[in-house]
Amino acid sequence: MPTDDEIRQRIRGFGPRIKALRQERDLTVRELAAKCGLASSTISKIENDRMSPTYDSIVRLAAGLEMGLETLIDERASQMGAGRRSVTRAGKGIPVQTERYGYELLSADISNKHFFPIVATIPPGPATDQIRHRGEEFIYVLSGAVQLLTELYAPLILKPGDSCYFDSSMGHRLVAVGDEEARILWVASELSVQLANQVAQP
């Protein structure tokens, strides 16, 4: 798992990176807000490290800046040709801490992937609003237990070793069960620029 120092460093660097990328594109805060569907005040707070972005906000910012999510998070991400391969050693993914969840981005050195793997840490707490977007998702519980809430099915409890594959256009939300955080492998097909404008508002 990423260390606390790595997470703090990543959080500190994210806001200034968003600001620099916006300025490189000669966009005002208001113009970027219009492109990605976020409030100008939200972007300003993120740029000045006064707010931790939600994951949905990060995806929307990638769309507004017209770049892949991996490249937004880590400027070292690159495209690779045929036979490409990426190895992420245990605990060496790119840490991203949002308002609600902690994420470890896997294979973040490759941009424009066909699917997006992450390890998500989900703390205990009440469920927030469900989201829906294009694509499909696969979750596999590594530790703890989670409840998958969807608009079409009864709540589903998943424990270590359990998995679920579902349509992302169906409203969905994951919450940890009990008093302990849960860790899951989360793979989605549409965490991309095309997705960002279709996810629910944070």
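Let's start with contacts, meaning heavy atoms within 4.5 Å. Among those in the protein between residues at least 6 apart in sequence, 67% join residues at least 24 apart.

Now the ground rules. This is a predicted model, where local features need pLDDT of at least 70 and side-chain atom pairs count only at pLDDT 80 or more, while totals for chains, interfaces and linings use all residues. Residues are numbered from 1 along each chain as its sequence is written, and side-chain values use heavy atoms, leaving out hydrogens and water.

The overall inventory comes next. The protein has six helices and nine strands. These are DSSP runs numbered from the N terminus: H or I of at least four residues for helices, E of at least two for strands. Of the 202 residues, 48% are buried. Buried means under 20% relative accessible area, exposed over 50%, and partly exposed in between, with a 1.4 Å probe and protein chains only.

On to a helix pair. Helix α2 covers residues 29–36, and helix α3 covers residues 40–47. They pack at an angle of about 115 degrees, with axes 8 Å apart. Axes here are lines fitted to C-alpha atoms, for helices over the stretch in contact, and angles run from 0 to 180 degrees between N-to-C directions. So α2 and α3 are roughly perpendicular. That label spans 65 to 115 degrees; under 35 is roughly parallel, over 145 roughly antiparallel, and the rest oblique.

Who makes this contact? From α2, Val29, Arg30, Leu32, Ala33 and Cys36; from α3, Ser40, Ile43, Ser44 and Glu47. By type, that is five nonpolar, two polar and two charged. Nonpolar covers Ala, Val, Leu, Ile, Met, Phe, Trp, Tyr, Cys and Pro; charged covers Asp, Glu, Lys and Arg; the others, Gly among them, are polar.

Cys36 is buried, at 0% relative accessible area. Cys164 is buried too, at 16%. The whole structure has zero disulfides, defined as pairs of cysteine sulfur atoms within 2.5 Å.

Next, α4, residues 55–64. Ten of its ten residues are buried. They include Asp56 and Arg60.

Last, the backbone. Just after α4, Glu66 has a positive phi of about 55 degrees. Asp26 has a positive phi near 55 degrees. Asp26 sits in the loop between α1 (4–24) and α2, and is exposed at 67% relative accessibility. For Asp49, phi is near 60 degrees, again positive. Asp49 lies in the loop between α3 and α4, and is partly exposed at 40%.
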